[in-house]
Amino acid sequence: MRNKNLLIATAVLGLIALAAVQLTREAPVAVAGKQPLVTAPLLDGAKSLTIKTNNKSVTVEKSADGWTVKEKFGLPADIENRLMPLIRGLQKANNFGQLTANPKRLEKLGLADSSLTLVGPDGQPTVIQFGKQTDDGLGASARLAGQEFAIRTDFTGYLEGDPLSWVDLTLFSAKPADIKSVGFEWKDGKASFSRKEVGAPFEGKEGAAIEEIVATLATIRAADAVALDDKDAAKAGRSSQVKLALFDGTSVTLTFAKLASATPNEPGKAFVRVEHSDPKHKANATVKKAAFIAAPWLVEQLPGSLADFKKGLQPPAAEPTAPTIQIPGPAPTIITPTEIKVK
């Protein structure tokens, strides 16, 4: 009987607690319908976007040269991986009306942590603050500038505030099969290799090794960009130069410069400069804006000298066989099966 009374009392307390939660939770204000979070004319005519999140900020601006990253020397923005996904997310996003005006709930939504500012064709900014996802999982909570309440949205896009993440660091890209010849120039010598037609193997015993190097150099993507007057870039000495000639008649020259490491166990910082024979190629414009840090994996796969290149062509040395140990004394007696007797 006592257990039954305890169970009933527990159930009653649970109902009371649930009712208290429902009374303190502010229900979203019902609206007749939804409307776009950002109007189409604003998105189509946007002059710039500024994203602030995780204590970082980036501004992407539209100019005659396309979209560029303000904080990274006006270098081209990554349209495919950054800008277009964000634009598509905003195009699909809707405003489902008021979520809450309760100051305590607004504070818990974290609306001050992330924001997006769009400057429209008229030069006027539109600011949207984004917070945590709504309780119903629809999308991010948001607040428009000048409003004292949060709204429900179905926006699920990703906001990135790191300027480096917005830069298109691809300086040159081609299909390896389209590269007709490659010429190397090191401090200790030169070497050049070619193939007769598109997709044909490189000639000579070094052909297989050259194929691997060309596959690596066919796409040059920097790890970072620094100012042209960067101290490390100025100190770095030229280590090698590679010229790639393509079957379409164009060519690209890659110049690598390396800075000695501060500690023996760390690789030195390396820089890469890309110059294209076509004056209109974007590499010739970007090289005037910044110095580019080469990706460590690129430096590791490229021979740093003619001696290193020749060494890489040599077959690996055969592992030494273990020496035979001669044990002194008479030779052991070998017992054949016919001599074995079973008792």
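Colleague: Is strand β7 mostly covered or mostly open?
Modeller: Mostly covered. In β7 (residues 114-119), 5 of the 6 residues are buried, meaning under 20% relative accessible area with a 1.4 Å probe, protein chains only. Strands here are DSSP E runs of at least two residues, numbered from the N terminus; helices are H or I runs of at least four. This is a predicted model, where local features need pLDDT of at least 70, side-chain atom pairs count only at pLDDT 80 or more, and totals for chains, interfaces and linings use all residues. Residues are numbered from 1 along each chain as its sequence is written, and side-chain values use heavy atoms, leaving out hydrogens and water.

Colleague: Which way do β2 and β7 run, and how many bridges join them?
Modeller: Antiparallel, with 5 bridges between β2 (residues 48-53) and β7. Pairing takes at least two DSSP bridges. S48 has V119 of β7 as its bridge partner.

Colleague: And how does β7 pair with β8?
Modeller: Antiparallel again, over 6 bridges. T117 sits opposite V127 in β8. The hairpin has 5 residues between the strands, and G123 there takes a positive phi near 85°.

Colleague: New topic. What is the strand order in the open sheet of 7 strands?
Modeller: β13-β12-β16-β17-β18-β19-β15, with antiparallel pairing. β13 (189-194) and β15 (224-226) are the edges; each has a single partner strand, so one side of each lacks a neighbour in the sheet.

Colleague: Which strands does helix α6 touch?
Modeller: Helix α6 (residues 207-217) packs on the sheet, touching β12, β13, β16 and β17. Contact means heavy atoms within 4.5 Å.

Methods
Buried < 20%, exposed > 50% of the residue type's maximum accessible area, 1.4 Å probe, protein only. Axes fitted to C-alpha atoms, helices over the stretch in contact; angles between N-to-C directions.
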